[in-house]
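The sequence and the structure come next, and the text follows.

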Amino acid sequence: MSSRRSVSAIVMLTLLSACTAGTSGSPSTTGSASTAPASAAPASAAPSAVASASPVASICTAPPRHEGVTVTFAGFGGTSQGAIDKAWLQPYAALTGVTWVQSEDSDPAQVKLQVESGNVTWDVLDNGNEFGLESDGALLEPIDYSVVDRSSVPPDWAGTYRIANLTVAFGIGYNTDKTAGAVPASWADFFDLGKFPGKRVLRDYWPLGTLDVALAADGVSPESIYPLDMDRALGKLDTIKASTVFASSSSQAQELLGSGEAALALISNARVAALKADGAPVDFQWNHSIVAPDYWVVPKGAPNKAIAMEFIAWANCAENNGAVSKYANYGPANPVATTPPDKTEDLPSAHIDQNTLYFDDQYVHDNFNEIDAEFSAWLTK
Amino acid sequence: MPPGVLRRHTWALVTAPTVLFMLAVFVAPTAIISSRSILELPEGASGDVLANFNRLLASDVSRKIMWNTIQTATIVTVVCALIGYPYAYLANVSSPRVGRVLLALVLLPFWANSLVRTFALDVALRDTGVINSLLGMLGVEHPLGLIRTPFAIYLGMTQFMLPFMILPVFVVMRKIDIEYTQAALGLGASPWTAFRRVYLPMSASGVVAGSIIVFVLATGSYVIPQILGAPRDQILSQFIANQVTQRLDWGLASAAALTLLAIVFLSLLVASRFVRLRDVYGAVAER
């Protein structure tokens, strides 16, 4: 039986590596068959009302030592993994004596593969908002809230199988050469081909915001985006379909915007900041952006599950969670975390207002099949 | 023990790694994918082993994608044959030196990574790419929408697959004694008739061999349509990847993978109605 399973693992791995050749590297690939994105954060979830003192205060400053233990972390590579490494992995290793092994292909399909083959090598993952819902329970360990402080993040960002670690804003990235200095002010501008000619980038996977921003552009208020009005969203998308590139990964969106192939893109603030730091003529519109967290998840059967939980608890402490903002323009998930003063304006938390959009993971999860069928039909038409 | 038996055992030993390899990388995966396609069912479909296949066939999206796959592979095969046949003929009738150069030109791209070549095409075809920039400098209206079109996919596949057409055709043409056509001409046939009635039928098996290879490669291509195409032109391999990595729907992905396999087998079956496949691959193998 177990040999059959390992053969199956080899096979699926082969299939997978062939299949993902062109899509890997995306910071937010996937979702389960029933998946969905982001936090159901209602408008009121604007991180403010949260965080009490940690119940296990000592873990924040002196986490238990595990001399010489090798723990495996999987992230999305690039900007976010570099920041997580410097902000959390390295300091935690120094404090506890663990050694990190890092993988750069965090992906629910990989988790499924590892769990189903009974050969789990990852201990803790940074993953997107569309994974880690109740329906993914077969693949994940429940977060141990006797170790991790559930109240370290807003209530909607802590679930049975995941807890938020950092925040990102998905807004309008624009190439200033292509817009000739004009600044797109809202999603309505993003959809205005007359005002902003040129290609725009949306994602080919709808849970990553494609439908949300179409509705916002059509005048739907942030609190009324869900339930998604498919006719209205697709009708709005029709108006720019011929001028839109449907990117299959964030890195593709980033490349298209940075190179000037596209004038506008639905993209994260951190990716635009990284492009800008490399000298690309790009800027980011914070208004009306979608604020969503990344999440920690622990695969079912992770070899160092207990250490993974301690690490999550430590990284989410108010004194540690803000460190990620030092190395990239991600915000902390813990609303009372300390962030570098000079970065304040560059983080999603500084731009949350009544126009901010949020995903509704539960809605997306509950309605995934119908919406996916409709969107796929539209996309392939 | 008769020596023949010993020899057979020796050969079995020598072949064993290959057989094991094929079992591990082809037979076992196919078996596993087959079982997944009928056992890993969507919610509410327990017991209906054909549920995944029904989903595949009932959906307009996957039907269109299957059609895209067949259409794309057919067009690429025909284009490769139309370009490859005259090229192989030229390489055959040219002086040995020119012939070698022509063949080298076919083989050279093989040594450059196909992913790199596909990205190079992306850079050439995109709105801000080489071709459109040139048009801009010439004052011609641009950008031409070249990238993210079926045309870009056909171009990308053709540049990658052309050698797989030219080489088998070249090899078959090599075997044809030119005296047959000369005899036809001597007996009063026009050059066109001599070509059509004598040379073409004798070289057809090479075209069929090349076409089968190109068609199969095209149906299974992933990177080229992913980089050069748009979602509306996607083919089955991309659909499978999306199911595996985004939807985690490996049951549907497995059903789609088997469907892809069926498309390939069906096209082989169709090809075998026109030509004896044994002859085709015999012709190639002899060289």
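## A buried tyrosine

Tyr92(A) lies in helix α3 (residues 78–96) of chain A. Helices (H or I, at least four residues) and strands (E, at least two) are DSSP runs, numbered from the N terminus. The model is a predicted one, in which local features need pLDDT of at least 70 and side-chain atom pairs count only at pLDDT 80 or more, while totals for chains, interfaces and linings use all residues. Residues are numbered from 1 along each chain as its sequence is written, chains are lettered from A and ligands numbered from 1 in the order in which they are written, and side-chain values use heavy atoms, with hydrogens and water left out.

With a relative accessible area of 0%, Tyr92(A) is buried; the word means under 20% relative accessible area, with exposed over 50% and partly exposed in between (1.4 Å probe, protein chains only). Tyr92(A) and Ala315(A) are 223 residues apart along the chain, and their C-alpha atoms are separated by 8.3 Å.

## A strand covered on both faces

Strand β5 (residues 200–203) of chain A is covered on both faces. Arg200(A) and Leu202(A) are on one side, Val201(A) and Arg203(A) are on the other, and all are buried.

Which strands pair with β5(A)? Strand β6 (residues 244–247) of chain A runs parallel to β5(A) and is joined to it by 4 bridges. Strand β7 (residues 264–268) of chain A also runs parallel to β5(A), with 2 bridges between them. Two strands pair if DSSP finds at least two bridges between them. Val201(A) stands opposite Val245(A) in β6(A) and opposite Ala265(A) in β7(A).

## Two helices of chain B

In chain B, helix α3 (residues 60–93) packs with helix α7 (residues 150–175) at an angle of about 45 degrees, and their axes are 7 Å apart. Axes are lines fitted to C-alpha atoms, for helices over the stretch in contact, and angles run from 0 to 180 degrees between N-to-C directions. The helices α3(B) and α7(B) are therefore oblique to each other. Angles under 35 degrees count as roughly parallel, over 145 as roughly antiparallel, 65 to 115 as roughly perpendicular and the rest as oblique.

## Salt bridges

Side chains of opposite charge can pair when their charged atoms come close. In a salt bridge, a side-chain nitrogen of Lys or Arg is within 4 Å of a carboxyl oxygen of Asp or Glu. How many salt bridges are there over all chains? A search of the whole structure finds 18. Among them are these:

| Pair | N to O distance |
|---|---|
| Glu141(A) and Lys305(A) | 3.6 Å |
| Asp218(A) and Lys236(A) | 3.9 Å |
| Arg55(B) and Asp249(B) | 2.9 Å |

Glu141(A) is in the loop between β3 (124–127) and β4 (163–175) of chain A, and Lys305(A) is in helix α10 (residues 305–315) of chain A, 164 residues apart. Glu141(A) counts as buried at 11% relative accessibility, whereas Lys305(A) is partly exposed at 38%.

Asp218(A), at 31% relative accessibility, counts as partly exposed.

Arg55(B) is partly exposed, with a relative accessible area of 29%, and Asp249(B) counts as buried at 13% relative accessibility.

A network of salt bridges links Lys112(A), Glu116(A), Arg36(B) and Glu40(B).
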